Amino acid sequence: MPAGLNRALLTVAGAVVAIVLAIAISSVAIIAAGASPLDAFAAFFDFGANERAESNAIAAFLNRAVPLFIAGLAVAVGFRMNLFNIGVEGQYRLAAICAAYVGSTFTAPAPIQIAVIIIVAAAVGGLYALIPAVMKVTRGVNEVISTIMLNYIAINLTSYLVRGPFAGQRAEGQLTTSTPQLPESAMIPDLNFVFNWFGMLAPTRGGGVWGFLLVAIVLGVVIWVVLERTRFGFDVKASGLNGPAALASGVNPKKMIIAAMVLSGAIAGLIGLPEILGDRGAFNSNFTAGLGFLGIAVALLGRNTPVGIAIAALLFAFLDRAQGALQIADVPPSVITIIQGVTVLLVVVANEVTNRLALRLEERRAAQQLGGNTPVEVAA
């Protein structure tokens with residue numbers, strides 16, 4: 001059997017075993033919480049009692065997956081360079097408020113208006129990620145520590161800006177503060193027409209299916225090409241695996257650290273745009289939080305590949321969407337967090353086990369082809 005097929009089969013088998021174990025462990029947690037596992041898992045597939053409710057549930061599912069996918073891509077770029085960019089949380093919040101404010105200060109044709117907002121978001125996210133990158137290459141500061149501290153700064157700075165310099169006029173009785181409302185030309189049209197293709201009613205909540213879904217798909221393809229089919233992607237991976245060896249071959253690891261962190265931050269800057277350009281039309285004080293941290297789990301579950309990250313984002317969105325149905329079934333919503341955590345943990349462990357098994361099989365095959373008896377003889 002070819003080595004590539006062998007590794008693929010081991011990976012699939014490991015994923016299946018991990019998911020089965022995750023279901024078993026989650027069932028124990030559900031029983032411990034005093035609920036029925038059957039009722040809980042049935043709630044996950046409960047998309048509503050009528051056609052309109054089903055459409056709204058599907059739209060909420062897809063809308064949740066889009067920012068998770070972008071967050072996973074941002075984290076994965078750092079992982080390729082062996083960098084742990086925990087600062088995605090702060091980078092996307094700061095980028096979202098800056099982009100929303102800048103976009104509200106002028107009116108232009110839709111393509112220009114949207115393009116400027118996206119560029120501002122990517123630039124702010126990239127520049128904020130540049131800070132820990134420079135600290136690492138110049139002073140050797142661990143990016144985990146620096147990005148955690150910068151998260152606190154970004155979160156509190158964002159809270160100050162939305163209540164101060166970037167605040168718009170608050171309507172009477174409104175409890176939240178927000179940036180000025182974006183003009184209509186800044187809003188990306190929804191994709192609700194897709195429901196008509198399948199004979200379904202269009203969703204009516206949350207602006208329908210956000211049009212930024214198409215941007216996310218294009219972004220995923222671009223990142224795949226950059227990381228897998230370009231010299232830059234090869235240099236990033238080589239520098240992350242072995243900096244001294246990359247330096248000996250003519251690659252500057254310090255420059256690659258800066259490039260990878262800035263690219264990771266630029267992608268992170270786009271995480272908040274689906275919500276702003278598809279529904280809210282502004283950044284407000286109760287803007288969706290925690291997407292950066294979830295992106296870490298999504299990237300790990302997706303094995304740092306755009307296709308894997310897309311599947312992981314859909315899985316997380318599928319679980320998150322079921323919170324309302326779980327409450328109706330008298331199942332604690334915390335079960336979702338347990339399932340997500342157990343799934344990520346087991347899949348990561350399964351990946352490590354299958355990689356080691358695949359490597360051992362490849363070494364044994366190479367040893368047999370060279371006439372040796374053990375993989376040790378090949379290494380020698």
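A salt bridge here is a side-chain nitrogen of Lys or Arg within 4 Å of a carboxyl oxygen of Asp or Glu. Keep that in mind for the close-ups below, which come from a predicted model.

**Figure 1. E89 and R93 pair up within helix α4.** The side chains of these two residues meet in a salt bridge, with N and O 2.9 Å apart. Helix α4 covers residues 88-104, and E89 and R93 sit 4 residues apart in it, a separation of about one helical turn. Are E89 and R93 buried or exposed? Both are buried.

**Figure 2. D320 and R64 link two helices.** A search of the whole structure turns up 7 salt bridges, and here you can look at the one between D320 and R64, whose closest N and O atoms are 3.0 Å apart. D320 belongs to helix α14 and R64 to helix α3 (residues 51-80), so this pair ties together parts that are 256 residues apart in sequence.

**Figure 3. E275 meets R280 in another salt bridge.** The closest N and O atoms of this pair are 2.2 Å apart. E275 is buried, with a relative accessible area of 9%. R280, by contrast, is partly exposed, and its relative accessible area is 27%.

**Figure 4. R321 is buried without a salt bridge.** This arginine lies in helix α14, which covers residues 306-321. Which side chain of opposite charge is nearest to R321? That is D46, 6.6 Å away, and a salt bridge would need a nitrogen and a carboxyl oxygen within 4 Å. The side chain of R321 does reach the backbone oxygen of F44, at 2.5 Å. Leaving out residues up to four places away in sequence, R321 touches A43, F44, F45, D46, F47, A57 and F61.

**Figure 5. Helix α2 has its buried residues on the same side.** Within this helix (residues 37-44), P37, A40, A43 and F44 are buried. They cover an arc of only 125° around the axis, which puts them on the same side of α2.

**Figure 6. T179 is a buried loop residue.** Look for T179 in the loop between α6 (143-163) and α7 (193-197). Its relative accessible area is 1%. What does T179 contact, once neighbours within four places in sequence are set aside? The partners are I97, A100, V162, F166, G168, A282 and F283.

**Figure 7. Stepping back, the protein chain has 17 helices and 0 strands.** The radius of gyration is 23 Å, close to the 21 Å that the globule rule gives for 380 residues, so the chain is as compact as a globular protein of that length. Along its principal axes, the C-alpha trace spans about 80 × 55 × 40 Å. Of the 380 residues, 46% count as buried. Among contacts with a separation of 6 or more, 75% are between residues 24 or more positions apart.

Conventions. Residues numbered from 1 in each chain as written. Predicted model: local features only at pLDDT ≥ 70, side-chain atom pairs only at ≥ 80, totals over all residues. Heavy atoms only, no water. Buried < 20%, exposed > 50% of the residue type's maximum accessible area, 1.4 Å probe, protein only. Arc of directions from axis to C-beta. Lys, Arg positive; Asp, Glu negative; His and termini not counted. Polar contact = N/O pair within 3.5 Å; in protein donor to acceptor, adjacent residues only side chain to side chain. Contact = heavy atoms within 4.5 Å. Rg over C-alpha atoms; globule rule 2.2 N^0.38 Å.
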